[in-house]
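Open the model in your viewer and keep the sequence panel at hand.

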Amino acid sequence: MSQLKQAIETVYANIDGDSSYVTELTQQMVGFKSINPAFMPDPENSEEAACQAFMAAELQKIGLDVKTVEAVEKRPNLVACKQGAGGG
């Protein structure tokens, strides 16, 4: 079995093993008004930053390194990485 296929199967097994967490996390994420401010009549009401902060905290809880990269002013992207075992 290829490493990619094994990794995918591991992810699916973890989701199946704790589906209540996945469901709760999804419900919390969609609860944010994370609309692109350019498409909102009142851009200050966008909850993109709050959603990113929530997701950053969740990703850190499971051991990922988290950072933001601001590709567009005031609209950063959330990036999460897991250090591999290969030393790269």
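Two strands pair if DSSP finds at least two bridges between them; helices (H or I, at least four residues) and strands (E, at least two) are DSSP runs, numbered from the N terminus. This is a predicted model, in which local features need pLDDT of at least 70, side-chain atom pairs count only at pLDDT 80 or more, and totals for chains, interfaces and linings use all residues. Residues are numbered from 1 along each chain as its sequence is written, and side-chain values use heavy atoms, with hydrogens and water left out.

Select residues 65-72, which are strand β1, and then residues 75-81, strand β2. The two strands run antiparallel and are joined by six bridges. Find Lys67 in the pair: opposite it, in β2, stands Val79. Two residues lie between the strands of this hairpin, and Lys74 in the turn has a positive phi of about 65°.

**Next: Ser46.** Select Ser46 in the loop between α2 (19-30) and α3 (48-61). Ser46 counts as buried because its relative accessibility is 17%. Now show Ile35: its backbone oxygen lies 2.9 Å from a polar atom of the Ser46 side chain.

Move on to Glu58 in helix α3, which is buried at a relative accessible area of 10%. Leaving aside neighbours within four places in sequence, Glu58 is in contact (heavy atoms within 4.5 Å) with Tyr21 and Leu25.

Technical notes
Buried < 20%, exposed > 50% of the residue type's maximum accessible area, 1.4 Å probe, protein only. Polar contact = N/O pair within 3.5 Å; in protein donor to acceptor, adjacent residues only side chain to side chain.
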